[in-house]
Amino acid sequence: MADQQGSQAPSGGGQGGGYGSSRPHSSGPGGGGGRPSRDGGGPGGGAGPRKGGKRQFFRKRKVCRFCVDKIDYIDYKKADMLNAFVQDRGKILPRRMTGTCSRHQRWLCEAIKRARNIALLSFASEL
Amino acid sequence: MEERLYDLIFICRPATPEDEIAKIMKTLEQVIADHKGTIVKNENWGTKRLAYRVAKNREGIFIYLQIISTDGEIVKELERRLKVFEPVIKYQTVRLDEEMKLQKKLVARRELKLSRKPRRTAPPAAAAPAAPMAPPAPPAEPAPAAS
């Protein structure tokens with residue numbers, strides 16, 4: 001683990017330092033909530049031109065949060081965590097919004113459905 | 001016979017007295033013992049808000065059990081008992097051992113990958129002009145860089 005990080009740091013240190021550091025930074029807000037990043041596509045795209053200045057519609061690539069955290073099992077009992085992947089009305093957020101990879105989305109889907117069944121998550125919120 | 005891992009959660013009415021829950025637990029333990037199962041985890045999550053109304057209740061007492069058993073009939077029996085208990089408003093049993101097996105496999109694969117990774121990342125690091133910066137970092141790096 002330690003030497004892996006060590007080997008990565010020097011290679012990026014030369015020229016891609018700014019680019020490398022901007023990536024994890026941008027994945028933070030994207031992971032924080034899928035929807036805001038999409039609604040705020042303008043500001044998100046605005047971050048692109050600041051660096052590259054090429055395209056207005058450039059959207060930063062979303063990274064699967066579960067892959068980043070190296071999660072192999074999504075626990076249906078962690079309702080607070082699952083809540084982040086559900087709309088206000090209780091719908092499961094699609095992959096294109098959250099950036100979850102297909103495998104983790106599959107597991108997530110299963111976990112959300114289990115949590116709903118035992119009243120940890122709502123099927124549809126009453127409004 | 002292979003062992004199977006089950007998660008069992010049941011919800012009681014919020015007004016259920018402690019001794020009533022203890023009685024239910026005792027019965028369940030008896031059933032588990034009869035089927036030669038073992039309780040791995042036993043947690044009382046206390047009163048929690050339900051995400052939706054269940055039997056006109058907005059809150060419920062959550063009790064979580066994790067069971068290992070070789071006998072599949074245990075689930076049938078536990079659920080039958082839970083259905084009979086009046087204070088229990090909801091229950092769910094989930095079989096988890098296959099997912100745990102997959103998780104173990106993935107963890108093992110990741111460790112294998114990690115142990116193999118330095119070799120794979122070394123060539124680009126050596127090819128890049130960052131080579132002079134490499135030596136201070138890891139002891140494994142200088143060898144490919146020198147070659």
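Is A:Leu93 buried or exposed, judged by the C-beta atoms within 10 Å? A:Leu93 is buried, because 20 other C-beta atoms lie within 10 Å. The cut-offs are as follows: a residue is buried with 20 or more other C-beta atoms within 10 Å of its own, exposed with 12 or fewer, and partly exposed in between, with C-beta atoms placed from the backbone. The model is predicted, so local features need pLDDT of at least 70 and side-chain atom pairs count only at pLDDT 80 or more, while totals for chains, interfaces and linings use all residues. Residues are numbered from 1 along each chain as its sequence is written, and chains are lettered from A and ligands numbered from 1 in the order in which they are written.

Chain A contains eight helices and zero strands. Its pattern along the sequence is α-α-α-α-α-α-α-α. Helices (H or I, at least four residues) and strands (E, at least two) are DSSP runs, numbered from the N terminus. Of the 127 residues of chain A, 23% count as buried. Contacts in chain A were also sorted by sequence separation. Among those between residues at least 6 apart, 60% join residues at least 24 apart. Two residues are in contact if their C-beta atoms, placed from the backbone, lie within 7 Å.

Two loop residues of chain A illustrate its fold. A:Leu93 sits in the loop between H6 and helix H7 (95-98) of chain A. Its C-alpha atom is separated by 9.5 Å from that of A:Gln105, twelve residues apart along the chain. A:Asp72 belongs to the loop between helix H5 (65-68) and helix H6 (79-83) of chain A. A:Asp72 counts as partly exposed because it has 17 C-beta neighbours inside 10 Å. From A:Asp72 to A:His104 the distance is 8.5 Å, C-alpha to C-alpha, across 32 residues in sequence. A:Asp72 also touches B:Gln103, B:Leu106 and B:Val107.

The largest nonpolar core has 35 residues. Such a core is a set of buried Ala, Val, Leu, Ile, Met, Phe, Trp, Tyr and Cys residues joined through C-beta atoms within 7 Å. A:Ala111, A:Ile112, A:Ala115, B:Leu8, B:Phe10 and B:Ile11 touch the most other members. At least two residues each come from helix H8 (102-117) of chain A and, in chain B, from strand E1 (4-12), H1, strand E2 (38-54), strand E3 (57-69), H2 and strand E4 (88-95). E1(B) gives the most, with six residues. In soluble globular proteins, nonpolar side chains tend to be buried together. A:Ala111 touches A:Ile74, A:Asp75, A:Tyr76 and A:Leu82, leaving aside residues up to four places away in sequence.

In chain B, the axes of helix H1 (residues 18-34) and helix H2 (residues 73-84) come within 10 Å and cross at roughly 160°. Axes are lines fitted to C-alpha atoms, for helices over the stretch in contact, and angles run from 0 to 180 degrees between N-to-C directions. H1(B) and H2(B) are therefore roughly antiparallel, a label for angles over 145 degrees. B:Thr27, B:Leu28, B:Val31 and B:Ile32 in H1(B) meet B:Ile74, B:Glu77, B:Leu78 and B:Arg81 in H2(B).

Two lysines in chain B have positive phi. B:Lys36, in the loop between H1 and E2 of chain B, has a phi of about 60°. B:Lys36 counts as exposed because it has 12 C-beta neighbours inside 10 Å. B:Lys56 lies in the loop between E2 and E3 of chain B, with phi near 65°. B:Lys56 counts as exposed, with 7 C-beta neighbours inside 10 Å. Most residues other than glycine have a negative phi.

Conventions: Angles under 35 degrees count as roughly parallel, over 145 as roughly antiparallel, 65 to 115 as roughly perpendicular and the rest as oblique.
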